[in-house]
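Hi,

Here is the structure I said I would pass on to you.

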Amino acid sequence: MKKVITSVGTSIFINYLQGCKDIEDHWCTIEKKRHREWDNCKDRIDRIRKPVTDWARNNEDASAEIKSLFKLLQKEKDDLDIFLLATDTVLSRLAAEIIKEVLVEQEGLTVYFNPQIDVIQGLQVQDYVEFMETGTQKFIKRIMEIAGGYFENVIFNISGGYKGLAPFMTIMAQVNSCDIIYIFEESEAL
């Protein structure tokens, strides 16, 4: 069994909004909210969660994360432990929760996402200093915890999430001789 570390972005909402506008006001209101504002956004979160989850269940192209993980499962022909890591935003956590809900229905995938440890404090795009001094350090620390010092069975999925994280994940993968996967959202190639 392999561990797949997957950064989570918000493409699931962008993709949903291309065809459905029913959540647009709620999405726009919480788009830039930090994770610490989660409880204050619960009503809007709940109004977004159900329609996006229902849509994603029937759409393998719903997000970069879902698409790449389904492709990887087909390629590996083995069970996978998926670890979702979210940024320090309301929408990234919500995306991770929706993705987890969709993926746990897939045979062969075990999905881990615990907001207390998998929403990475400081991992955001508004404050570069906080991103570098806090976010990336906590991100790397969480990856080390997931790997448990053993990287032979770890795959890094850089398809989703902030593209600023790709270099950190790539370096960690190269230093530890791990595979890296990426799927461009509009292609079928893993």
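**What I found**

Phe-168 is partly exposed, because its relative accessible area is 22%; buried means under 20%, exposed over 50% and partly exposed in between, using a 1.4 Å probe and protein chains only.

Before going on, a word on the ground rules: this is a predicted model, where local features need pLDDT of at least 70, side-chain atom pairs count only at pLDDT 80 or more, and totals for chains, interfaces and linings use all residues. Residues are numbered from 1 along each chain as its sequence is written, and side-chain values use heavy atoms, with hydrogens and water left out.

Now the strands. Helices (H or I, at least four residues) and strands (E, at least two) are DSSP runs, numbered from the N terminus. All seven of the seven residues of β2 (residues 80-86) are buried. Leu-80, Ile-82, Leu-84 and Ala-86 point one way from the strand, while Asp-81, Phe-83 and Leu-85 point the other way.

What does β2 pair with? Strands pair if DSSP finds at least two bridges between them. β1 (residues 2-8) runs parallel to β2 over seven bridges, and one of the contacts is Thr-6 with its bridge partner Leu-84. β3 (residues 109-112) is also parallel to β2, with four bridges; there, Thr-110 is the bridge partner of Asp-81.

Next, the aromatic rings. Rings of Phe, Tyr and Trp (its six-membered ring) pair if their centres lie within 6.5 Å, and planes under 30 degrees apart count as stacked, over 60 as edge-to-face and the rest as tilted. The count comes to three aromatic pairs. Phe-83 and Tyr-112 are stacked, because their ring centres are 4.7 Å apart and their planes are at 15°. Phe-83 is buried at 12% relative accessibility, whereas Tyr-112 is partly exposed at 36%.

Phe-168 comes back here: it forms an edge-to-face pair with Phe-131, 6.5 Å centre to centre and with 70° between the planes. Phe-131 sits in helix α7 (residues 128-147) and Phe-168 in helix α8 (residues 166-175), so the pair ties together parts that are 37 residues apart in sequence. Phe-131 is buried, with a relative accessible area of 10%.

Enjoy looking around!
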